[in-house]
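Here is a short report on one helix and the strands around it. Keep the structure open while reading.

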Amino acid sequence: SEMLNDAKDKADADAKTKADAKTKADADAKTKADASKPIVKMINLSTKYSDQTLQALVDLSVSKMADRKSNIIAIAYDIGANKGNSITDMPFEEHEVLISKDQIESTLNTIRSFLENDECIKDLGEEDRKGTIDGEMERFTEWLEKGADATTQAQACATTRVVFNGAPTTQSEEDTLKTWVHELYHALQQDIALQPPAIDSWCDEEASQKSGWLVEGGADYFAQHIYAEYKGLNGLDEIFKYGLQSFNETGTGLYDGGIARTGAAALRLLVERGAVKHDSIIDGSLFQKCERVSVYHDNNPDVKIAKSSWSEIQYVYGKYSFKSSALK
């Protein structure tokens with residue numbers, strides 16, 4: 001009996017040792033996996049919007065993605081009155097600077113460190129790496145020091161993105177937060193990277209320029225749905241509402257008003273015509289293989305209809321929909 005007990009104790013001890021070893025191996029594997037995951041680092045300099053609000057939208061956006069490639073650093077800051085002076089080589093203007101010199105210096109140091117430690121940039125080679133970082137830091141410095149209304153994502157490397165959201169304090173919460181998500185989506189879009197391993201082999205520059213409506217429309221489509229989910233609204237209603245507003249303000253031209261909102265409506269029409277899957281927009285997979293050029297080009301019959309009929313939106317008995325003529 002004593003021998004049996006000893007054998008059982010030994011078996012139990014062996015089993016526990018194995019279980020402990022497996023737990024440690026699983027923990028090590030998770031640590032390793034987490035270390036290799038693309039990151040989204042946030043710097044919030046805004047006094048209007050809390051870290052919790054902006055981070056919640058980051059987390060919600062990232063949670064939707066089918067696959068992640070890029071490391072992202074995203075900067076939110078407030079700006080004051082417009083001074084009317086243009087920012088170098090960008091469609092931004094100078095504004096009253098509302099963040100301190102210390103905040104600017106600290107932010108720039110954090111961005112530089114992020115770039116210097118990024119694996120994609122490390123692989124560029126010493127000269128290219130230094131040129132890339134110095135070039136990016138030069139324009140980021142100007143944006144922050146001059147209070148630029150910078151709403152953009154900058155591609156420092158194929159899988160390295162920097163998001164800026166300089167929001168006027170007079171701007172509505174809805175516009176500011178939707179823009180935050182819109183630019184994050186651009187940073188998550190894989191096929192708009194600047195250099196290999198990206199789109200060069202199947203996506204030429206002219207074709208990319210022609211698909212700007214799809215890139216911007218996709219980001220707006222995503223932002224409307226994410227903001228709506230965060231606020232308990234209906235994302236589809238938001239797309240229709242702002243599409244109809246764009247039509248009322250600027251007419252049927254896809255490029256005459258805000259290309260993001262008209263593009264989102266055109267994308268929704270493609271979804272309802274069965275040419276694009278809603279989920280592929282939301283999970284970002286529509287922008288993984290440059291299908292915006294190879295599939296959804298100007299000669300695609302559904303694209304032709306979407307670009308000419310995106311504005312055929314009706315609001316009947318409290319419900320938005322496309323007119324039947326747009327769906328034939």
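α5 is followed by Gly-147, which has a positive phi, near 60°. The model is predicted.

Helix α5 spans residues 126-145, 20 residues in total. From first C-alpha to last it reaches 28 Å, close to the 28 Å expected at 1.5 Å a residue.

Which residues of α5 are buried? They are Ile-133, Glu-136, Met-137, Phe-140, Glu-142, Trp-143 and Leu-144. An α-helix has 3.6 residues a turn, so residues three or four places apart point the same way. Ile-133, Glu-136, Met-137, Phe-140, Trp-143 and Leu-144 are among the buried residues.

| Strand pair | Sense | Bridges |
|---|---|---|
| β1 and β2 | parallel | 5 bridges |
| β2 and β5 | parallel | 9 bridges |
| β2 and β3 | antiparallel | 3 bridges |

Strand β1 covers residues 40-44. Its Val-40 has Ile-72 in β2 as bridge partner.

Ile-79 stands opposite Pro-168 in β5. Ile-79 also stands opposite Val-97 in β3.

β2 and β3 form a hairpin, with 6 residues between them. In the turn, Asp-89 has a positive phi of about 60°. Gly-147, after α5, likewise has a positive phi, near 60°.

How values were computed:
Residues numbered from 1 in each chain as written. Predicted model: local features only at pLDDT ≥ 70, side-chain atom pairs only at ≥ 80, totals over all residues. Heavy atoms only, no water. Helix = DSSP H or I, 4+ residues; strand = E, 2+ residues; numbered from the N terminus. Expected span 1.5 Å × (residues − 1). Buried < 20%, exposed > 50% of the residue type's maximum accessible area, 1.4 Å probe, protein only. Pairing = 2+ DSSP bridges.
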